[in-house]
Amino acid sequence: MKKGKIIVLSAPSGTGKSSIIKNLMDYPELNLGFSVSATSREPRGKERHGVEYYFISHEEFKRKAEAGDFVEWEEVYPGTCYGTLKSEVQRVTEAGQNLIMDIDVKGGLNVKKLYGEQAITIFILPPSKEELEKRLKGRGTDAENVIKKRLEKADFELSFAPQFDVSVVNDNLDKAVEEVKKIIIEA
Ligand code: ADP
Ligand code: 5GP
């Protein structure tokens, strides 16, 4: 594994990106630093400001975007924005760590365009649409209408998979974590 890699994980919501990343963080040999994105959505479940996300208002998000504080940002769902802060990329890379990002499909491809060979884009696939729905419902953190919006976007997001460097099916979580770990080590 070369130094200063950028690892991008993208997938439809509920596929298991956060679970995979959480498990990968337990391997010190991967030397990963998580890129904490900014978002204009409300915290979900036990999420904490500065850990899973920087939770900011829509107005502050717009101000930051206009000030050029983001490497990339997207309105992933109507009215809800997410973005990678330049300060996060700096924080992690200056600590000598490999940067791992959980970002949407468009953001993932933009990062690849910006960083080229330094970035590896990994698409996480759900075993099926039915299982995806089950996971979103089972997570128990989103309202019915939010789950509906996320499922409606899944087909669009899945159509981006061929543009990623590699795809991994998250059927069994431990297996998916092992597969992604291997990809990172070989990157
Ligand atoms: P994402 O970050 O992609 O939105 P999460 O990591 O929050 O997805 O996972 C969504 C839900 O699915 C969570 O409740 C998580 O515990 C569960 N989950 C993740 N991976 C698996 C798996 N391989 N098998 C069954 N459930 C899973
Ligand atoms: P969630 O609300 O489930 O945490 O995330 C919703 C979507 O936003 C996911 O596809 C997630 O990967 C994406 N996302 C999170 N942070 C960023 C970011 O900084 N930039 C972009 N483009 N997407 C992000």
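Let me begin with the largest pocket. It has a lining of 42 residues, and Ser18, Arg44, Glu47, Tyr53 and Asp102 lie nearest its centre. A pocket here is found on a 1 Å grid over the protein atoms alone, as an open set of points where a 1.4 Å probe fits, with protein on both sides within 12 Å along at least five of seven lines; lining residues have an atom within 4 Å of a point.

Before going further: this is a predicted model, in which local features need pLDDT of at least 70 and side-chain atom pairs count only at pLDDT 80 or more, while totals for chains, interfaces and linings use all residues. Residues are numbered from 1 along each chain as its sequence is written, chains are lettered from A and ligands numbered from 1 in the order in which they are written, and side-chain values use heavy atoms, with hydrogens and water left out.

The elements that give two or more residues to the lining of the largest pocket are H1, strand E5 (70–77), strand E6 (80–85), H5 and helix H6 (144–158). These are DSSP runs numbered from the N terminus, helices (H or I) of at least four residues and strands (E) of at least two. H1 provides the largest share of that lining, five residues. By class, the lining divides into 13 nonpolar, 13 polar and 16 charged residues. Ala, Val, Leu, Ile, Met, Phe, Trp, Tyr, Cys and Pro count as nonpolar, Asp, Glu, Lys and Arg as charged, and the others, Gly among them, as polar. The space in the largest pocket is about 1100 Å³, a volume being the space filled by probe spheres set on the grid points, which are joined across faces, edges and corners.

Ligand 1, then. It has 13 residues around it, and Gly14, Lys17, Ser18, Ser19 and Asp171 come nearest; to be around a ligand, a residue needs a heavy atom within 4 Å of it. Three residues of this shell come from H1, the largest share. The shell has one nonpolar, eight polar and four charged residues. For polar contacts, pairs of N or O atoms within 3.5 Å, a polar backbone atom of Lys17 is 2.8 Å from an oxygen atom of ligand 1. A polar side-chain atom of Asn170 lies 2.9 Å from a nitrogen atom of the ligand. Taken alone, ligand 1 exposes 560 Å², and the protein buries 76% of that; areas come from the Shrake-Rupley method with a 1.4 Å probe.

Now ligand 2. Of the 18 residues around ligand 2, Ser37, Tyr53, Tyr82, Asp102 and Arg150 come nearest. E5 gives the most to this shell, with four residues. The classes are five nonpolar, five polar and eight charged. An N or O atom in the side chain of Tyr53 is 2.5 Å from an oxygen atom of ligand 2, and for a polar side-chain atom of Arg41 the distance to an oxygen atom of ligand 2 is 2.7 Å. Ligand 2 taken alone exposes 510 Å², of which the protein buries 97%.

Last, the second largest pocket, with about 200 Å³ of space. Its lining includes Arg41, Arg44 and Arg150, and H6 gives the most to it, with three residues.

Notes: A polar contact is a pair of N or O atoms within 3.5 Å; within protein, one must be able to donate a hydrogen and the other to accept it, and residues adjacent in sequence count only if both atoms are side-chain atoms.
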